Amino acid sequence: GRTLAAGHSYRFRVRAIDRAGNVGPWVVSRPTAIAALHDRNPALRYEGAWRTVSGGTLAGGTEQVSLEAGARAAVAVRARGVAWVATVGPGWGRARVFVDGELVATIGLPSPGTVTRRGVWAARWPSIGDHRIAIRLTGNPGGRVGVDAIGILR
């Protein structure tokens, strides 16, 4: 895989080669732009008790973290794809992800070791459109949930 940087636009050139050695024509993708909304971006709206945690390994240097059941982070995006970036590790909890008001996933953030800037959930659509993403804490005892960034694919 490739690592793509936010703030840049990319095009990909691919072709198929089957097991018999037949080679297809090159096809160039449409431009793909990557953007990141860091946790303090005004487009992100927080409800409930959230606090700012600082750290050098976090995407924008900070992450919004909550322990409150029902606390919510939401953002409206115009995108072809979106990703939630957060910290995972011992003591991290669970959250439900809603897209356009529909529950699409319940994500658990516990892991044996702490890892920052982890893509914990992503979605893609066939074309660019307007979508509302919401992350709501499930209320598991002692489990904190963070929002480091929201990645956007256009």
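Predicted model: local features only at pLDDT ≥ 70, side-chain atom pairs only at ≥ 80, totals over all residues.
Trainee: How many helices and strands does the protein chain have?

Mentor: Zero helices and 13 strands. Helices (H or I, at least four residues) and strands (E, at least two) are DSSP runs, numbered from the N terminus. Read along the sequence, the pattern is β-β-β-β-β-β-β-β-β-β-β-β-β.

Trainee: Why does Ile-107 count as buried?

Mentor: Buried means under 20% relative accessible area, exposed over 50%, and partly exposed in between (1.4 Å probe, protein chains only). Ile-107 has 12% relative accessibility, so Ile-107 counts as buried. This residue is in strand S10, and its C-alpha is separated by 5.5 Å from that of Arg-94, 13 residues apart along the chain.

Trainee: And what makes Leu-58 buried?

Mentor: Its relative accessible area is 8%, so Leu-58 is buried as well. Leu-58 is found in the loop between strand S6 (51-54) and strand S7 (62-66). Buried residues make up 36% of the 154 residues in the protein chain.

Trainee: Which class does Arg-117 fall into: buried, partly exposed or exposed?

Mentor: Arg-117 is at 54% relative accessibility, so the label is exposed. Arg-117 is in strand S11 and has a positive phi of about 55 degrees although it is not a glycine.

Trainee: What about Asp-100, and where is that residue found?

Mentor: Asp-100 is in the loop between S9 and S10. Its phi is near 55 degrees, again a positive value in a residue other than glycine. At 43% relative accessibility, Asp-100 counts as partly exposed.

Trainee: Why are Tyr-46 and Trp-50 called a tilted aromatic pair?

Mentor: A pair of aromatic rings is described by the distance of the centres and the angle of the planes. Rings of Phe, Tyr and Trp (its six-membered ring) pair if their centres lie within 6.5 Å; planes under 30 degrees apart count as stacked, over 60 as edge-to-face and the rest as tilted. Tyr-46 and Trp-50 are 5.1 Å centre to centre, with 55 degrees between the planes, so they pair and the pair falls under "the rest". By this rule the count comes to one aromatic pair. As for accessibility, Tyr-46 is partly exposed because its value is 25%, while Trp-50 is buried because its value is 16%.

Trainee: How do you know that the charged end of Arg-144 sits over the ring of Trp-92?

Mentor: A charge sits over a ring if NZ of Lys or CZ of Arg is within 6 Å of the ring centre and within 35 degrees of the ring normal. Arg-144 is 4.3 Å from the centre of the Trp-92 ring and is listed as sitting over it. Arg-13 likewise lies over the face of Trp-26, at 3.8 Å from the ring centre. Arg-144 is in the loop between S11 and S12 and is partly exposed because its relative accessibility is 27%.

Trainee: What makes a set of residues a nonpolar core?

Mentor: Its members are buried Ala, Val, Leu, Ile, Met, Phe, Trp, Tyr and Cys residues joined through side-chain atoms within 4.5 Å. Of the 31 residues in the largest one here, Trp-84, Ile-107, Leu-109, Trp-121, Ile-133 and Ile-150 touch the most other members. The largest share of this core, eight residues, comes from S8.

Trainee: Which residues are closest to the centre of the largest pocket?

Mentor: Of the 23 residues that line the largest pocket, the closest to its centre are Ile-34, Ala-83, Val-85, Gly-151 and Ile-152. A pocket is an open set of points on a 1 Å grid over the protein atoms alone, where a 1.4 Å probe fits, with protein on both sides within 12 Å along at least five of seven lines; lining residues have an atom within 4 Å of a point. The largest share of this lining, six residues, comes from S11.

Key. Residues numbered from 1 in each chain as written. Heavy atoms only, no water.
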